[in-house]
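Biologist: I'd like to learn how to read charged pairs and chain contacts in a model. Could we go through one together?

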Amino acid sequence: MNPTEAGQTDSAFLDIAANLLAIMLIVTLFSLITVRYGADRSDNPLATINPNLPFVEPRRDLFPPFSRFFLVAAERVVEWDQAAVVTALQAEPEALSGNTRQGRYRLLPEALTVYDIDTHTLQFHPDIAGLAESVAPFDETGEAALVERLTQDYAASRRLPVFIVYPSGMETFARLYPRLQDSGLRFRWFARAEGAPLDIGRHPAQFTDYAIYW
Amino acid sequence: MRFTGDQRGNNPGVPPPDKLFMVVTGLLIALVWLTLWSITHPRSHQSDCALDEECQSVQEAIARWEQLWQQIATDENNAETASSVPDKSLRAAGDTVFMRYRHLWVDVDRQTRHAFRLSALSNQLPQKIELLQPLLQAHDAQIRFRAWLEIARLQLRARDLKEAETAAREALGVADIDPKLTVDAHFILAYTALEQRQFDVAEQALEQAVSLDSGFWDARQVQMWLLTRQLDNPRQTLSDCLDRTRLLIENLRIMPALGQNRVQFRDFADLFRTGAASGNAATHLLAGLGDLWAGDRDKARDQFLKVKQSRGRLPVRCAALIAAKADELLNSVGSRETP
């Protein structure tokens, strides 16, 4: 074999490889220019409005409806027995804290009556473990029954639900939420950290910050 | 042959023509005289009043109207007094007067306070009312009043209008109460009247509530809605028309001073969005004044120009007075500057 022929064969493959590389570069260049990334945000910075997403604007009523609290924790939805707390406080007027079957309550009355005379804050620490033992887990059949009960209660005594959702109950509430929205019932919900108490009360800040929106 | 005799004897059934013509001539003369008399003595609606009381109320209404504009002129000269809050302790967004103003309770015993707190804490209507029952026989009049007021509010929250009205009247029946504290009972009566579409009753109750407590935001807001609705009536009296416009302007002046929260104005705008836009002279004057006081002179000018052109339904003389005021304001605003 001639040395020149061997050299030509080697350089031929080199040429082919170099040309292929060049072709690949050119093809990549053209593909980057012509093929657009099909996302709205890349060339249209304005967000597209989805008209199907609901936005419920809270209303402030001059005479708002009454509230009914539901504790959502440990995969259970339990109504907070507010009447029991009031009865317990009524029975022992001197004791500002005590226990009900659902947990422990603490009444913090306003020492200085600057504004109205019924200003107060009540803290309720629910016994989640006890609730989990006494009540069955909340499932889909329970959802329909609950929504029905809430709708009837609103029609009868104008009470609307407020859901206090603990982290252990967030999954359960996430399943319940679309049903509540579809039913058209007004409701509120608040997320609390694990172990945080339920705080309710009546104080002047509610009327400055408009916290009581329904 | 020429006939020279008369025909009188020939037709006995027909009355003699001479007498008939005399009667007709007499009637025509009387008619002409009556016409001439009525032309020379036209009945002027300007100076005649049907009743003396009506004349007096019209003059009083006009006097109050002029007084309002003098007050506005004085306030514009002293800018610092124009938007001062009436009471330093006022928190305009309270649900009752006791939550709006400070220090209205002095030396209340622990038991009473506990009863009120427990009532506020409960969420069942029968239990709430039961907790308030012993307070209705309290010795202190203010406690009795507060208990009745709370019951009225609870019944209204439960949409029981008749019970709420009864409880509010009981609250007003408590003696030895400072009139300023009774405004919430008047407001509840106005609200129940509104729900039953008794607009005149509601208007009177609201006027009482607002005159007793100048910082009552909720009552002023509802009053503005009601007055714009009541103004759209061509059969109202002149004094009513002027008073309603005057009250609307007074409310417009005081609202920015009372508002402590942007959200209050949003509630305000929502309320007006639900009502009908009547487009009569008074609403254009009001919108023009609002724009003027907000600093937008061009929009104000447009609204004042619309006052005369509006085809709304106000009594004629009231519309004339409003148009005169709009002309004055147009002159004070000045002509549009051409670039």
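Predicted model: local features only at pLDDT ≥ 70, side-chain atom pairs only at ≥ 80, totals over all residues.

Biologist: Which residue does D296(B) form a salt bridge with?

Modeller: In general, side chains of opposite charge can pair when their charged atoms come close. Here the partner is K299(B), with the closest N and O atoms 4.0 Å apart. K299(B) is partly exposed too, its relative accessible area being 49%.

Biologist: Which residues are joined into one network by salt bridges that share partners?

Modeller: That network takes in D116(A), D118(A), R202(A), D95(B), R146(B), E150(B) and R153(B). Look at one pair inside chain B: E150(B) and R146(B) are bridged, with 2.7 Å between the closest N and O atoms. Both sit in helix α7 (residues 141-157) of chain B, four residues apart, or about one turn of the helix.

Biologist: What does the salt bridge between R149(A) and E79(A) tie together?

Modeller: R149(A) and E79(A) have their closest N and O atoms 3.6 Å apart. Because R149(A) belongs to helix α5 (residues 140-157) of chain A and E79(A) to strand β2 (residues 76-79) of chain A, the pair ties together parts that are 70 residues apart in sequence. R149(A) is partly exposed at 42% relative accessible area, and E79(A) is partly exposed at 27%. Over all chains, the whole structure has 27 salt bridges.

Biologist: Now the chain contact. How much area do chain A and chain B bury between them?

Modeller: The size of an interface is often given as the accessible area lost when the parts come together. For chain A and chain B that is about 4,200 Å², with 56% of it on carbon and sulfur atoms. F63(A), Y115(A) and I117(A) supply 21% of the area that chain A buries against chain B, more than any other three residues. The contact involves 42 residues from chain A and 46 residues from chain B.

Biologist: How many salt bridges are there between chain A and chain B?

Modeller: There are four. The side chains of R110(B) and E94(A) also meet in a salt bridge, at 3.8 Å from N to O. As for polar contacts, 13 residue pairs link chain A and chain B.

Biologist: Which element gives the most to the side of chain A that touches chain B?

Modeller: That is α3(A), with six residues. By class, this side of chain A has 23 nonpolar, nine polar and ten charged residues.

Technical notes
Residues numbered from 1 in each chain as written. Chains lettered and ligands numbered in written order. Heavy atoms only, no water. Helix = DSSP H or I, 4+ residues; strand = E, 2+ residues; numbered from the N terminus. Buried < 20%, exposed > 50% of the residue type's maximum accessible area, 1.4 Å probe, protein only. Contact = heavy atoms within 4.5 Å. Buried area = accessible area lost by both parts, 1.4 Å probe. Polar contact = N/O pair within 3.5 Å; in protein donor to acceptor, adjacent residues only side chain to side chain. Nonpolar A, V, L, I, M, F, W, Y, C, P; charged D, E, K, R; others polar.
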